[in-house]
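Some notes on the model below, for discussion.

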Amino acid sequence: MPKASSVTQLDPAIREAVNRAIREERATIDQIVALIEDMGGEASRSAVGRYKKNAEEQMEIYREAQEVAKVWIGKLEEDPESDIGRLLSDLLRTVAYQTMGTMKGGKAKPAEVMYLAKALKEVASADKISTERELKIRQEVAKKAADKAETVGRQMGLSADQQTNLKKELLGIVG
C-alpha cells in the first residue's frame, strides 16, 4: 500500500489553507510550499506537486459532473412530465462510468470498487423495477381499451366474433 502523502498528514488548518490556494487557482507549487513552511509545516516540493495535480484532477472531474448535471436539469425542465427516476438512473450510471475511468492504472481502492459495483447494481435494480412498472401500466391500459372495445362493440350489436376481430385489429389482443 502506498505511503500517505505528507500533505495529507499536515495540520488540518495548514491543509485547509493549501486546499483553498489550490481551489482558488492562485498559487504555484513553490508558493504552496512556502505557505506550508510559513504556517509551521513541512512538505517536499514533489509531494506538493503530486497533491496539487491530484486535487486539480478531482476538481476537473467535479466540474464535468456539474456540466452533466446541468444538461440533465435542462432536459428535466424542458420535459417535466418525463420519468425522473430514469433520468436519475442515467445520471448515476454516467457518474459511475466516469468514476471507473478515473480508476485507471490500478489506483482504485477495494472499497471504491465495492461501492461502485453496489451503485451499478442499484441502478440495474431500479431500471428493472421501472421497466416492470411501465409494462404493467401498458398491460392495464390495453386491458381497459379491450374492455371498452368490447362494450362499444356490444352496444353496436356486433357478434362475439366481430368483437374479437375488433380487439385484434385495434389492439392486437385476442380473446
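**Notes on the predicted model**

1. Outside the four places on either side in sequence, Lys52 has contacts with Ile22, Ala27, Ile29 and Ile32. The model is a predicted one. Lys52 lies in helix α3.

2. Is Lys52 buried or exposed? Its relative accessible area is 15%, and the cut-off for buried is under 20%, so Lys52 counts as buried. The side chain of Lys52 makes a polar contact of 2.8 Å with the side chain of Glu56.

3. Helix α2 spans residues 29–38, and Ile32, Val33 and Ile36 are buried in it. These three lie on the same side of α2, because the arc they cover around the axis is only 100 degrees. An α-helix has 3.6 residues a turn, so residues three or four places apart point the same way. Glu37 and Asp38, on the other side of α2, are exposed.

4. After α2 comes Gly40, with a positive phi near 90 degrees.

5. The largest nonpolar core has 16 residues. Those that touch the most other members are Val7, Val18, Ile22, Ile32, Ile36 and Val48. Two or more residues each come from α1 (12–23), α2 and α3 (45–78). The most come from α3, which gives five.

6. Ile36, one of the α2 residues named above as buried, is also among the core members that touch the most others. Its contacts, leaving aside neighbours within four places in sequence, are Leu10, Ile14, Val18, Gly41, Glu42, Ala43 and Val48.

Notes: Residues are numbered from 1 along each chain as its sequence is written. This is a predicted model: local features need pLDDT of at least 70, side-chain atom pairs count only at pLDDT 80 or more; totals for chains, interfaces and linings use all residues. Side-chain values use heavy atoms; hydrogens and water are left out. Buried means under 20% relative accessible area, exposed over 50%, partly exposed in between (1.4 Å probe, protein chains only). Helices (H or I, at least four residues) and strands (E, at least two) are DSSP runs, numbered from the N terminus. The arc is that of the directions from the helix axis to the C-beta atoms. A nonpolar core is a set of buried Ala, Val, Leu, Ile, Met, Phe, Trp, Tyr and Cys residues joined through side-chain atoms within 4.5 Å. Contact means heavy atoms within 4.5 Å. A polar contact is a pair of N or O atoms within 3.5 Å; within protein, one must be able to donate a hydrogen and the other to accept it, and residues adjacent in sequence count only if both atoms are side-chain atoms.
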